[in-house]
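Visitor: I would like to go through this model term by term. Please set each value against its definition.

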Amino acid sequence: MNSVEEFLAYSIKLEEEAVLRFDQLADAMASVGNKEVGMLFRRLAGYSRLHLSDARARAGFRNIPTIVPGSFHWPDIESPETAAIWATDPQIGRGQALEIALDAERAGLEYYTGIVESTTDPEILMLAREFAKEESQHVAELEKWVTLHAAGKPLPVDH
């Protein structure tokens, strides 16, 4: 990361992609009647919307660079928090959905942690730490949900 503006441009794109994918997964589950998993993915899309709103608010007074699709340099093929597309399988169960979501949130956490570990810019460091902290909370919540699911207990998203 060469600037706070670049960091925010990447953060905005990461969260846009996460919202889009989790909404796609929720819609796919709704279309096949897998309401429980659809609700889980919809909840995760909501979390990503909150992060997106935060990143956009922080970018509000800055001159954020326009990075064209295909020009982002992610650690993998897609942005880190983009959940696996195979999760649109209509037969996916809650346990598999939780693992997919956990993988996506862990990738987001690893992305921001990597920036924390590599930046020398104090403002980028501060923002990356904040974003990593939020992602770590999502990872912890999903780990709790995985444990509840394994024990056969209801998840908070079931309400």
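Visitor: What ground rules apply?

Guide: Residues are numbered from 1 along each chain as its sequence is written, and side-chain values use heavy atoms, with hydrogens and water left out. As this is a predicted model, local features need pLDDT of at least 70 and side-chain atom pairs count only at pLDDT 80 or more, while totals for chains, interfaces and linings use all residues.

Visitor: What is the average pLDDT of the chain?

Guide: It is 85, and 94% of the residues score at least 70. pLDDT is the predictor's confidence in each residue, from 0 to 100. Confidence is lowest in α2, at a mean of 88, and highest in α4, at 91.

Visitor: Why are α2 and α4 called roughly antiparallel?

Guide: Look at the angle. The axes of α2 (residues 35-59) and α4 (residues 122-150) come within 12 Å and cross at roughly 170 degrees. Axes are lines fitted to C-alpha atoms, for helices over the stretch in contact, and angles run from 0 to 180 degrees between N-to-C directions. Under 35 degrees counts as roughly parallel, over 145 as roughly antiparallel, 65 to 115 as roughly perpendicular and the rest as oblique. So α2 is roughly antiparallel to α4.

Visitor: Which residues of α2 and α4 meet?

Guide: From α2 come Leu-40, Arg-43, Leu-44, Tyr-47, His-51, Asp-54, Ala-55 and Arg-58. From α4 come Leu-127, Glu-130, Phe-131, Glu-134, Glu-135, His-138, Glu-141, Leu-142 and Trp-145. By class, that contact has 8 nonpolar, 2 polar and 7 charged residues. Ala, Val, Leu, Ile, Met, Phe, Trp, Tyr, Cys and Pro count as nonpolar, Asp, Glu, Lys and Arg as charged, and the others, Gly among them, as polar.

Visitor: How do you know that the span of α2 agrees with its 25 residues?

Guide: The expected span is 1.5 Å times one less than the number of residues. For α2 that gives 36 Å, and its end C-alpha atoms are 36 Å apart, so the two agree. α4, with 29 residues, reaches 41 Å, close to the expected 42 Å.

Visitor: What makes α1 and α3 roughly antiparallel?

Guide: They pack at an angle of about 180 degrees, with axes 12 Å apart. They are therefore roughly antiparallel to each other. On the α1 side, the contact uses Phe-7, Tyr-10, Ser-11, Leu-14, Glu-15 and Phe-22. The α3 side supplies Ala-101, Ala-104, Glu-105, Tyr-111, Tyr-112 and Ile-115. These divide into 9 nonpolar, 1 polar and 2 charged.

Visitor: Why is Ala-97 called buried?

Guide: Ala-97 is in helix α3. Its relative accessible area is 0%, so it is buried. Ala-97 touches Val-37, Leu-40, Phe-41 and Ile-92, not counting residues up to four places away in sequence. Val-37, Leu-40 and Phe-41 are among the buried residues of α2.

Visitor: What makes Phe-72 count as buried?

Guide: Phe-72 lies in the loop between α2 and α3. At 13% relative accessibility, it counts as buried. Phe-72 touches Ala-9, Tyr-10, Lys-13 and Ile-67, again not counting residues up to four places away in sequence. Phe-72 and Lys-13 are 59 residues apart in sequence and 8.8 Å apart in space, C-alpha to C-alpha.

Conventions. Helices (H or I, at least four residues) and strands (E, at least two) are DSSP runs, numbered from the N terminus. Contact means heavy atoms within 4.5 Å. Buried means under 20% relative accessible area, exposed over 50%, partly exposed in between (1.4 Å probe, protein chains only).
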